[in-house]
Amino acid sequence: MKNKFKCRITKAVEANKKNLLEGSLLKEEYFKLFEQMEAPTNKQSIFKNIPADFFENFEYEVYDGNYTPRPEEDYSKYFTSMEKGNFIVLINGFFSPEHSRIISDNIVISKLSEKIKKDYFAVEKYYITYSERHEYILSALNAALSRDGIFLNIKENAIVEEPIYILSVFTNQMKNYLYNQRFLILADKNSQATIIENVVSESNSKVMMMQVTELHQSPNSLVNYYRLNNYAAKKENLVVFLDSEFAIEENAVLNRFSINFNSTFSRNRTNVKAIGKKSEINLNSFIYVKNHGVMDIRTILEIASPEVRCNQFVKSIADENSRVNFSGKIEIEPHAQKVVASQKSRGILLSNTAEIFCEPQLEIYANDVVCSHGAAIGNVDDDLVFYLQSRGIAKDEAQKLLLAAYASEILDKIHIKELRDNLLNEFQNHLSA
C-alpha cells in the first residue's frame with residue numbers, strides 16, 4: 001500500500017508545480033530530496049508518537065492559494081491585553097505588512113521570500129541548515145513548499161524594549177489544508193529581545209501547519225522566546241508540526257518557553273546547538289491536554305563548546321484520554337569540558353486513561369562535566385487535597401489550587417508579568433471548563 005501522505009503531496013505538486021515551487025531551482029531540489037526520502041509512518045522511531053495512521057490516512061490538500069490581504073480584518077483581538085509591542089502577522093503562511101505594526105527601530109522585518117530573492121547570500125549560511133544537517137523529511141518538504149514566512153533581524157547592540165509578537169492566522173476555508181511557513185531570525189552581537197509567538201485557526205475545516213524556525217544568536221546576545229499554543233478559536237481543528245533549529249554562540253543566552261493548552265495534536269521538535277563557549281540555554285515547557293489531545297515534544301541539546309550551562313524542565317498534565325510524549329537528549333562532545341547540564345520531567349495524570357511517556361537521555365563524551373536527569377509521573381497528592389478540604393475548601397477547588405501551584409513552577413519563570421498572569425488565568429479557566 002502506498003503512503004497516502006507522499007502520494008497526495010507529490011500529486012498536488014506535479015499538478016501545480018509552477019505555483020507551488022515558483023520556478024525555484026532550490027525548491028525543486030528540496031522537493032526531489034523529499035521524494036527520495038522514506039515516507040513517514042508511525043512505525044518509525046522519529047514518528048512513533050504521532051496518532052495512529054495519521055500519515056497513511058492523510059486528509060489535507062496542499063494550500064496553493066495566492067495571498068490577498070484584506071486590510072479591514074482586525075487581528076488585534078488576538079493580542080489581548082498586549083497594547084505595547086511589535087506585532088507581526090502572518091496569514092495563511094504569508095507575512096502581512098498591512099496587518100503588522102513595527103514600533104522599534106532596532107529590528108528589521110521583511111517577507112522571507114523577498115529577502116531570499118534580493119539578498120540570498122546574506123542569509124545562505126543560516127537558511128535551510130536544518131534539512132541539511134538532520135535529513136528530516138518534513139523539514140525538506142517545508143523548504144520546498146513554504147512560499148513565505150518572515151526574516152527577522154535584531155540589530156547589533158540593540159536592546160529591544162518592546163516585545164515582538166508573532167501571530168500566525170489561518171482563515172476559514174472550504175477544504176482541509178496543509179500550510180507551510182518558515183522563520184529565519186538573526187540576533188546580532190550584544191542584542192536583546194523578547195519574542196512571543198502564537199497561532200490561531202479561524203477555519204471550520206481542518207488545518208495542518210508545518211513551520212520551521214531557524215534562530216542564530218551571535219556572541220553576547222539574549223533572546224527570550226515564548227512559543228504559545230493557547231488560543232481557543234477553532235483549535236480543535238488545528239494540527240501543528242513545529243521544528244526549530246537554534247545555534248547559540250559565545251556568551252549568548254537563550255530562554256525558551258513552550259506553553260501548550262489542550263491541543264488536538266501538536267508536535268514540537270527542537271534542536272539547540274551550543275557553538276560558543278560560556279553560552280546558556282534554558283528550555284522550559286508546560287503542557288495541559290485533555291479529551292483526545294496529543295502533545296509530542298522531542299529535543300536535542302548539542303553541546304559543542306566548553307563551559308556551557310543548559311537546563312531543561314518539562315511539566316505536563318494529562319486528563320481524560322489525552323497523551324503527552326517527551327523525548328529529550330543532551331549530547332556533550334569530547335572537547336566540551338566544564339559543562340553543567342540538567343534535564344527534568346514531571347507529569348501528573350488526572351484520569352486512568354490518560355498517558356504520559358518520558359524518555360530522558362544523556363550522551364556524554366567529555367570527562368569534566370556535571371550532568372543530571374530525572375523523570376517522575378504521578379497523580380495529584382491525595383493528602384494535600386485532604387489537607388485543603390480540612391480547611392474548608394471543596395475537593396474540586398483544592399485540586400485546581402494544587403494544579404495551579406504545579407503550573408506556576410514553570411509560569412513563574414516568565415519575566416513579563418502581564419503574560420504570566422494571562423497564561424495562569426487561562427490555564428485555570430481550562431481546568432474549570
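# Briefing: aromatic pairs, cores and selected residues

Of the 433 residues in the protein chain, 58% count as buried. Do keep in mind that this is a predicted model. The chain has nine helices and 20 strands.

**Overall build**

- A compact globule of 433 residues would have a radius of gyration near 22 Å, and the 21 Å of the protein chain agrees with that.
- The C-alpha trace spans about 70 × 50 × 50 Å along its principal axes.
- If we take contacts between residues at least 6 apart in sequence, 84% of them join residues at least 24 apart.

**Aromatic pairs and the aromatic cluster**

- Searching the whole structure turns up 26 aromatic pairs.
- One of these is formed by Phe-54 and Phe-241, whose rings are 5.7 Å apart centre to centre, with 35° between the planes, a tilted arrangement.
- Phe-54 lies in the loop between α3 (25-36) and β1 (61-62), while Phe-241 belongs to strand β11 (residues 238-248), so this pair ties together parts that are 187 residues apart in sequence.
- Both partners are on the inside: Phe-54 is buried with a relative accessible area of 13%, and Phe-241 is buried with a value of 1%.
- Tyr-120 and Phe-121 form an edge-to-face pair, with 5.9 Å from centre to centre and 70° between the planes.
- In that pair, Tyr-120 is partly exposed, at 26% relative accessible area, whereas Phe-121 counts as exposed at 72%.
- Phe-54 and Phe-241 also belong to one aromatic cluster, together with Phe-5, Phe-31, Phe-34, Phe-47, Phe-55, Phe-58, Tyr-60, Tyr-136 and Phe-265.

**Lysines over rings**

- Phe-34, one of the cluster members, has the charged end of Lys-6 over its ring, 5.4 Å from the ring centre.
- Lys-344 is placed over the face of Phe-313, and here the distance to the ring centre is 4.4 Å.

**Nonpolar cores**

- The largest nonpolar core has 41 residues, of which Ile-9, Phe-54, Leu-138, Met-208 and Phe-241 touch the most other members.
- At least two residues of this core come from each of α1 (4-15), α2 (17-21), α3, α4 (112-123), α6 (137-145), β7, β9 (207-217) and β11.
- Helix α6 gives the largest share of this core, seven residues.
- Leaving aside residues up to four places away in sequence, Leu-138 touches Phe-5, Phe-47, Phe-55, Met-210 and Phe-241.
- Another core, of 37 residues, lies apart from the largest one and has Leu-152, Phe-246, Leu-283 and Cys-310 among its members.

**Asn-180**

- Asn-180 is found in strand β7 (residues 177-187) and counts as buried, at 9% relative accessibility.
- The side chains of Asn-180 and Asn-142 are joined by a polar contact of 3.2 Å.
- Beyond four places in sequence, the residues that Asn-180 touches are Gly-93, Asn-142, Leu-145, Ser-146, Arg-147, Asp-148 and Met-210.

**Asp-188**

- Asp-188 has its place in the loop between β7 and β8 (192-201), where it counts as partly exposed at 23% relative accessibility.
- Not counting residues up to four places away in sequence, Asp-188 touches Asn-153, Ile-154, Lys-155, Glu-156, Ser-218 and Ser-221.
- Asp-188 and Asn-204 are 16 residues apart along the chain, and their C-alpha atoms are separated by 41 Å.

**Ile-195**

- Ile-195 sits in strand β8 and is buried, with a relative accessible area of 0%.
- Again without residues up to four places away in sequence, Ile-195 touches Leu-152, Ile-164, Ile-166, Ile-185, Val-223, Asn-224, Tyr-225 and Tyr-226.

Technical notes: Residues are numbered from 1 along each chain as its sequence is written. This is a predicted model: local features need pLDDT of at least 70, side-chain atom pairs count only at pLDDT 80 or more; totals for chains, interfaces and linings use all residues. Side-chain values use heavy atoms; hydrogens and water are left out. Rings of Phe, Tyr and Trp (its six-membered ring) pair if their centres lie within 6.5 Å; planes under 30 degrees apart count as stacked, over 60 as edge-to-face and the rest as tilted. Helices (H or I, at least four residues) and strands (E, at least two) are DSSP runs, numbered from the N terminus. Buried means under 20% relative accessible area, exposed over 50%, partly exposed in between (1.4 Å probe, protein chains only). A charge sits over a ring if NZ of Lys or CZ of Arg is within 6 Å of the ring centre and within 35 degrees of the ring normal. A polar contact is a pair of N or O atoms within 3.5 Å; within protein, one must be able to donate a hydrogen and the other to accept it, and residues adjacent in sequence count only if both atoms are side-chain atoms. Contact means heavy atoms within 4.5 Å. A nonpolar core is a set of buried Ala, Val, Leu, Ile, Met, Phe, Trp, Tyr and Cys residues joined through side-chain atoms within 4.5 Å. The radius of gyration is taken over C-alpha atoms; the globule rule is 2.2 Å times the number of residues to the power 0.38.
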